Structures are given as structure tokens and as C-alpha cells.
Amino acid sequence: MSRGDQGAAGPDGRFITFEGGEGAGKSTQVALLADRLAALGIAVVRTREPGGSPGAEAIRGLIVTGAVDRWDARTEALLVAAARRDHVERTIRPALARGAWVLCDRFFDSTMAYQGRAGGVDPAAVEWLRAFATDGLTPDLTIILDLPVELGMARAAARAGGHQRFERREPAFHHRLRAAFQEIAATEPGRCRLLDATLAIEPLADAVFRVVADRLHPRPA
Ligand code: TMP
């Protein structure tokens with residue numbers, strides 16, 4: 001387990017993050033995994049980034065709305081890091097300490113992909129911010145949902161509440177994002193697992209649960 005150096009988690013808490021580009025279906029899969037774990041009697045906390053605590057949700061509003069050029073990538077990196085700090089301290093660590101399984105829709109890999117590899121911020125600066133915001137809190141497992149850019153963009157455009165800042169970025173940005181997430185999965189196979197998000201919802205949920213079962217061994221409470 002690689003939860004980091006602070007030891008905030010209790011004996012049974014687990015931290016699972018979901019990552020991927022726009023329209024990959026993360027939120028749906030987080031919800032389905034939460035249902036499956038809850039059916040085993042496991043205490044589950046569903047959360048998301050940017051957001052997941054009152055302060056971080058307020059920062060989220062700044063990040064995801066407005067003109068595409070509202071912020072440059074460095075400012076975004078600072079905003080998501082500020083939101084992450086609040087989220088980790090006020091929501092994630094307390095939940096892990098209670099023994100809950102925390103399922104988080106995006107976490108620090110999104111910063112490396114969106115602001116770092118796709119946005120041009122020095123990856124070393126992104127790493128520093130990650131450490132500063134999290135004090136070393138690292139997911140036990142990261143599911144990366146991978147799909148062709150064109151499909152993801154079409155799905156994102158079709159869903160209610162679309163037209164957010166990042167969805168309007170140029171296709172090249174989204175191709176860099178996909179490559180970044182693939183690279184993260186290849187570089188950290190112990191933590192990350194890349195899954196084919198072109199699968200239909202239920203088969204993909206089955207695949208997600210198999211990975212969770214193989215790696216984290218959830219047991220009925
Ligand atoms: P969502 O659409 O998956 O809820 O994510 C909100 C947006 O925030 C998404 O377009 C990606 C962006 N984002 C970043 O740019 N950097 C980050 O570190 C995180 C967590 C999200």
C-alpha cells in the first residue's frame with residue numbers, strides 16, 4: 001500500500017481515484033463502484049476534484065467556468081492545489097481515518113495531465129505542488145479510463161451541464177491529455193490501471209470491480 005507518509009488512514013480505509021479525459025464516464029463508474037462496495041457493507045465516501053469540501057467546491061466554480069483563457073495553466077495549477085489541500089485535510093483524511101473507502105473522481109494525476117503535460121507547466125513544479133497539497137497522501141489504486149479523443153469530446157458535448165472551460169480546448173490539447181494519462185498508467189503500474197472506456201457501462205463497471213477486487217480485496221463487513 002502506498003498511502004503516503006502521514007499514516008492518516010485507519011486499518012480498513014482505502015483511497016481509490018478515477019482519472020481520464022473529458023467524457024470518459026468517470027462519474028458513472030464511481031457511482032457504480034460505490035454501490036457495489038456499499039452492497040458489501042463497506043462505508044463509502046464519494047467525492048471529486050476540484051471540489052469535495054465546501055471551500056474546494058467554491059474554488060471549483062472559479063476553475064471550471066468562464067472563458068477558456070480566464071486563467072493560465074500556472075494559475076490553474078495553484079487553484080487546483082489550493083482546492084486539493086482543503087479537500088485532503090477536511091474530507092479525505094478524516095474519512096480514511098474512520099475506515100471508509102474514499103472514491104474520488106479525479107485527483108493529482110489530473111493536474112499532471114491538464115496543467116503539466118497538456119498545459120505546459122513544468123512537471124517538477126506540478127510534483128512539488130502535489131507534495132505541498134497532499135503531504136504525501138497517495139491513492140491505493142487509480143483507475144484511468146481511456147478512450148479516443150473524438151468519442152470523449154462527443155460524449156462530453158452531449159451531457160447536460162457541458163460547455164465547461166476545458167471541454168472547449170482545442171483537439172490537440174485533448175490528444176496531449178490522453179497521451180499523458182497513458183504515460184502515467186505505464187509509469188506507475190503498481191498504483192494505476194488503464195481500462196478501455198469504449199466498453200458499455202455495465203461491462204466497464206465489471207472490469208473496474210475486478211481490478212478493485214484483485215488489488216484491494218474488499219470483504220463483506
Ligand atoms: P470533471 O469535468 O471531471 O468534473 O472535472 C472538472 C474539470 O477540472 C475537468 O475539465 C478537468 C479539470 N481539472 C484540472 O484541470 N486539473 C485538476 O487537477 C483537476 C482535478 C481537474
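## The largest pocket

About 630 Å³ of space lies in the largest pocket. Here a pocket is an open set of points on a 1 Å grid over the protein atoms alone, with protein on both sides within 12 Å along at least five of seven lines, and lining residues have an atom within 4 Å of a point. Grid points are joined across faces, edges and corners, and a volume is the space filled by probe spheres set on the points. The lining counts 32 residues, and K26, E49, R60, D105 and R106 are the closest to the pocket's centre.

Before going further, please note that this is a predicted model, in which local features need pLDDT of at least 70 and side-chain atom pairs count only at pLDDT 80 or more, while totals for chains, interfaces and linings use all residues. Residues are numbered from 1 along each chain as its sequence is written, and side-chain values use heavy atoms, with hydrogens and water left out.

By class, the lining holds 12 charged, 10 polar and 10 nonpolar residues; Ala, Val, Leu, Ile, Met, Phe, Trp, Tyr, Cys and Pro count as nonpolar, Asp, Glu, Lys and Arg as charged, and the others, Gly among them, as polar.

## The ligand and its shell

The ligand sits in the largest pocket, meaning that more than half of its atoms lie within 2 Å of the pocket's grid points. The elements that give two or more residues to the shell around the ligand are α2 (54-64), α3 (73-97) and α4 (108-117). Of these, α4 gives the most to the shell, with four residues.

In total, 14 residues surround the ligand, and the closest are E22, R60, R106, T111 and Q115. Six of the shell residues are charged, five nonpolar and three polar.

The side chain of E22 has an N or O atom 2.7 Å from an oxygen atom of the ligand. For the side chain of R60, the distance from an N or O atom to a ligand oxygen is 2.8 Å, and for that of R84 it is 3.3 Å. A polar contact is a pair of N or O atoms within 3.5 Å.

How much of the ligand does the protein bury? Taken alone, the ligand exposes 480 Å², and the protein buries 94% of that. Accessible areas come from the Shrake-Rupley method with a 1.4 Å probe.

## Enclosed cavities

Rolling a probe the size of a water molecule over the atoms shows where empty space is left. The structure holds two cavities of 30 Å³ or more, a cavity being a set of points where a 1.4 Å probe fits but cannot get out. The largest cavity has a volume of about 130 Å³. Its lining has 15 residues, and G21, E22, L147, H174 and R178 are the closest to its centre. Two or more lining residues come from each of β4, α6 (149-158) and α7 (171-187), with the largest share, five residues, from α7. This lining divides into seven nonpolar, five polar and three charged residues.

The second largest cavity holds about 30 Å³ of space. Its lining is made by A77, V80, A81, R84, T111, V126, L129 and R130. Five lining residues are nonpolar, two charged and one polar.

## Two backbone details

The peptide bond from E49 to P50 is cis, with omega near -10°. P50 is found in the loop between β2 and α2.

D135 has a positive phi of about 55°, although it is not a glycine. You will find D135 in the loop between α5 (123-134) and β4 (141-146).

Definitions and conventions:
A residue is near a molecule or strand if one of its heavy atoms lies within 4 Å of it. A polar contact is a pair of N or O atoms within 3.5 Å; within protein, one must be able to donate a hydrogen and the other to accept it, and residues adjacent in sequence count only if both atoms are side-chain atoms.
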